[in-house]
Amino acid sequence: RQVRVSFILDEIAKQEKVVVDDKALETRIEELARQTNQTIDKVREHYTDEDRRDSLREQLKYEKVIEILRGMVKAN
């Protein structure tokens with residue numbers, strides 16, 4: 001089920017041209033640092049691993065898609 005949801009969210013992201021730029025990624029890293037009481041450099045270091053960075057980018061993309069869907073529901 002989760003895989004199916006991922007495919008659907010990916011398709012919506014593609015249709016809506018959702019992209020997660022480096023600025024959004026950096027903003028999330030700063031948020032995570034505040035939430036976990038760690039330094040930004042320590043959190044940034046954690047995300048130097050490409051797989052972790054891609055995972056965070058994917059999470060942000062899905063959040064943007066869900067925001068789009070919520071906006072569509074509210075509009076109707």
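**Reading charged pairs and burial**

Reader: At 30% relative accessibility, what does Arg44 count as?

Author: Arg44 counts as partly exposed, because its relative accessibility of 30% lies between the 20% and 50% cut-offs. Keep in mind that this is a predicted model.

Reader: Which residue forms a salt bridge with Arg44 at 2.4 Å?

Author: Side chains of opposite charge can pair when their charged atoms come close. Here the partner is Glu26, with the closest N and O atoms of the pair 2.4 Å apart. This pair joins distant parts of the chain, since Arg44 lies in helix α3 (residues 40–46) and Glu26 in helix α2, 18 residues apart. Glu26 is partly exposed, at a relative accessible area of 22%.

Reader: How far apart are the closest N and O atoms of Arg44 and Asp41?

Author: They are 3.0 Å apart, and Arg44 forms a salt bridge with Asp41 too. Arg44 and Asp41 are separated by about one helical turn, because they are three residues apart in helix α3. Asp41 is exposed, with a relative accessible area of 53%.

Reader: How many salt bridges does a search of the whole structure find?

Author: The search finds eight. Another of them joins Arg57 and Asp22, whose closest N and O atoms are 3.2 Å apart. As for accessibility, Arg57 has 24% and counts as partly exposed, whereas Asp22 has 55% and counts as exposed.

Reader: Which residues are linked in a network of salt bridges?

Author: Asp10, Glu58 and Lys61 are linked in this way.

Reader: Now take Arg28. Is Arg28 buried or exposed?

Author: Arg28 is buried, because its relative accessible area is 17%, and the cut-off for buried is under 20%. Its place is in helix α2 (residues 22–36).

Reader: With which side chain does the side chain of Arg28 make a polar contact?

Author: The partner is the side chain of Glu31, at 3.0 Å.

Conventions:
Residues are numbered from 1 along each chain as its sequence is written. This is a predicted model: local features need pLDDT of at least 70, side-chain atom pairs count only at pLDDT 80 or more; totals for chains, interfaces and linings use all residues. Side-chain values use heavy atoms; hydrogens and water are left out. Helices (H or I, at least four residues) and strands (E, at least two) are DSSP runs, numbered from the N terminus. Buried means under 20% relative accessible area, exposed over 50%, partly exposed in between (1.4 Å probe, protein chains only). A polar contact is a pair of N or O atoms within 3.5 Å; within protein, one must be able to donate a hydrogen and the other to accept it, and residues adjacent in sequence count only if both atoms are side-chain atoms. A salt bridge is a side-chain nitrogen of Lys or Arg within 4 Å of a carboxyl oxygen of Asp or Glu.
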